[in-house]
Amino acid sequence: MFSYEKKLQYPVKIDKCNPRLASIIISQYGGPDGELGASLRYLSQRYSMPFDELKGLLTDIGTEELGHLEMVGAIIHQLTRNLKDSQIQDSAFAPYFVDHTAGVYPTAASGAPWNAFSMQVKGDPITDLSEDLAAEEAFNYR
């Protein structure tokens, strides 16, 4: 059970539309190493963790990742609300807009929709934690 506080941990206030930037940031929402996959990875791996302290830690991290998902979603929404036709037509956001308009949909910047193939849950604590490290480390090389 989760307790939800109806405010972002870090408020997002973007006034200027920028669909080109949104078309890149969307990958952090639903791309292969995005927040949606991270939250589901941790929240799923906790069930096979044999140590209660680490099970609790995986739950805490998964919940924190859901908060990140919410912040990234707010960023994308604010970057794409009030778009003008010319901003849609002249940007990398146009293909996304055709399918989702200004809705926040979990997809990679390439346009591939999120799917569970981008994450692993093996049931072995060492394997699962190694996968977590690899997924988190992916952002340090970009």
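Begin by selecting F93, Y96 and F97, which ring pairs link into a cluster. Rings of Phe, Tyr and Trp (for Trp, its six-membered ring) count as a pair if their centres lie within 6.5 Å, with planes under 30 degrees apart called stacked, over 60 edge-to-face and the rest tilted. By this rule the count comes to two aromatic pairs. In one of them, the ring centres of F93 and Y96 are 5.0 Å apart and the planes meet at 35°, so this pair is tilted. The rings of F93 and F97 have centres 6.3 Å apart and planes at 50°, so they too form a tilted pair.

Before moving on, please note that this is a predicted model, in which local features need pLDDT of at least 70 and side-chain atom pairs count only at pLDDT 80 or more, while totals for chains, interfaces and linings use all residues. Residues are numbered from 1 along each chain as its sequence is written, and side-chain values use heavy atoms, with hydrogens and water left out.

Is F97 buried or exposed, or partly exposed? Buried means under 20% relative accessible area, exposed means over 50%, and partly exposed lies in between (1.4 Å probe, protein chains only). With a relative accessible area of 24%, F97 is partly exposed, whereas F93, at 2% relative accessibility, counts as buried, and Y96 is buried as well.

Next, select I26, Y29, I76, L83 and F93, which touch the most other members of the largest nonpolar core, a set of 13 residues. Such a core joins buried Ala, Val, Leu, Ile, Met, Phe, Trp, Tyr and Cys residues through side-chain atoms within 4.5 Å. Helices α1 (19-30) and α3 are the elements that give two or more residues to this core, and the largest share, four residues, comes from α3. Here helices are DSSP runs (H or I, at least four residues), numbered from the N terminus.

Stay with L83 and show its contacts, meaning heavy atoms within 4.5 Å. Leaving aside residues up to four places away in sequence, L83 touches C17, P19, I88, F93 and F97.

Then select helix α3, residues 52-80, whose 29 residues should span 42 Å at 1.5 Å a residue, and whose end C-alpha atoms are 42 Å apart, which agrees. The expected span is 1.5 Å times one less than the number of residues. Just after α3, look for N82, which takes a positive phi of about 60°.

Finally, select helix α2, residues 35-45, which is mostly covered, with nine of its 11 residues buried. Among the buried ones are L36, Y42 and L43, and what covers the buried residues of α2 includes α1, α3 and α6 (125-137).
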